[in-house]
Amino acid sequence: MELGLVGLGKMGGNMRERIRRAGHTVIGYDRNPDLSDVPSLEALVEGLAGPRVVWVMVPAGAATQATIDELAGLLSPGDVVVDGGNSRWTDDEKHAVELGIKGIGFVDCGVSGGVWGLENGYALMYGGSKEDVAKVQPVFDALKPEGEYGAVHAGKVGAGHFAKMVHNGIEYAMMQAYAEGWELLEKVDSVTDVREVFRSWQEGTVIRSWLLDLAVNALDDDEHLEKIRGYAQDSGEGRWTVEAAIDNAVPLPAITASLFARFASRQDDSPQMKMIAALRNQFGGHAVESNR
């Protein structure tokens, strides 16, 4: 089939290559002319035969909205837009209505695989009507990993990004658990080779995973992670997962704690710990450290 792909960064560029390797035609557009196949979105749409499918891989929020707004004026009834970025599921519902007024279909797709997706395939979670999904199915089949699993029609519009959001929330908690275990192992004198302890867990244990494999890779590059500052950004999905849990009265203590742990990494000198230190000094006479 033919596909228009908007956004050719680390993910989008590799996705274009994987789809082409499967024998499909991809016309890519990016604001960076060195990456783009065509000079404009208009040229991308004109280069596709109808019914057209255009896959959007740009940052969530304003960039996605602007792209969808422009496509709404270029596409025709029966065409389909796929949002494969990390948009919030509530935005999907809005986009589906906006495009639906013009007879244009909409599918949201959560994509996981990162820089490894070109060779290993991408895990896909998509939402939308059966008719719209069917128009995109050859591309889903090209992108997914080999084998029976790795892709799912999760439900109605918004279901794909909601599923990906929960996936990323679980990822937060898993990474936090590995990080806490690593720090404790590094802290004690009795464990003399933390990296090899992590490596030993890669076979035969219940905590083996791809994340554990990646942790070992990182320790092979920098055994005690001395080259890395202890700062971790949080993506929107972690916050959205916690917000959705509140809205639905679902307890998520591990995922919520892992999100808050990211916030702690932003503080070189924690204001909260200032108060804790002051209180310990007041009630117990415990020493406080000077900030100078």
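A pocket is defined, on a 1 Å grid over the protein atoms alone, as an open set of points where a 1.4 Å probe fits, with protein on both sides within 12 Å along at least five of seven lines; lining residues have an atom within 4 Å of a point. The model is predicted, so local features need pLDDT of at least 70 and side-chain atom pairs count only at pLDDT 80 or more, while totals for chains, interfaces and linings use all residues. Residues are numbered from 1 along each chain as its sequence is written, and side-chain values use heavy atoms, with hydrogens and water left out.

The second largest pocket is lined by residues including D269, M273, K274, R280, E289 and N291. Its lining comprises five nonpolar, three polar and four charged residues.

Strand 6 runs antiparallel to strand 5 (residues 105-112), to which five bridges join it; S112 stands opposite A123. On strand 7 (residues 151-155), strand 6 has a parallel partner joined by four bridges, with L124 bridged to A151. Pairing requires at least two DSSP bridges between two strands.

K164 is listed by UniProt, in an unreviewed entry, under "active site"; such annotations may be inferred rather than shown by experiment. K164 is found in helix 7 (residues 159-187), helices being DSSP runs of H or I with at least four residues. The relative accessible area of K164 is 6%, which means that K164 is buried. Beyond its neighbours within four places in sequence, K164 is in contact with N86, G110, V111, S112, M125 and E237 (heavy atoms within 4.5 Å).

Key: Helix = DSSP H or I, 4+ residues; strand = E, 2+ residues; numbered from the N terminus. Buried < 20%, exposed > 50% of the residue type's maximum accessible area, 1.4 Å probe, protein only. Nonpolar A, V, L, I, M, F, W, Y, C, P; charged D, E, K, R; others polar.
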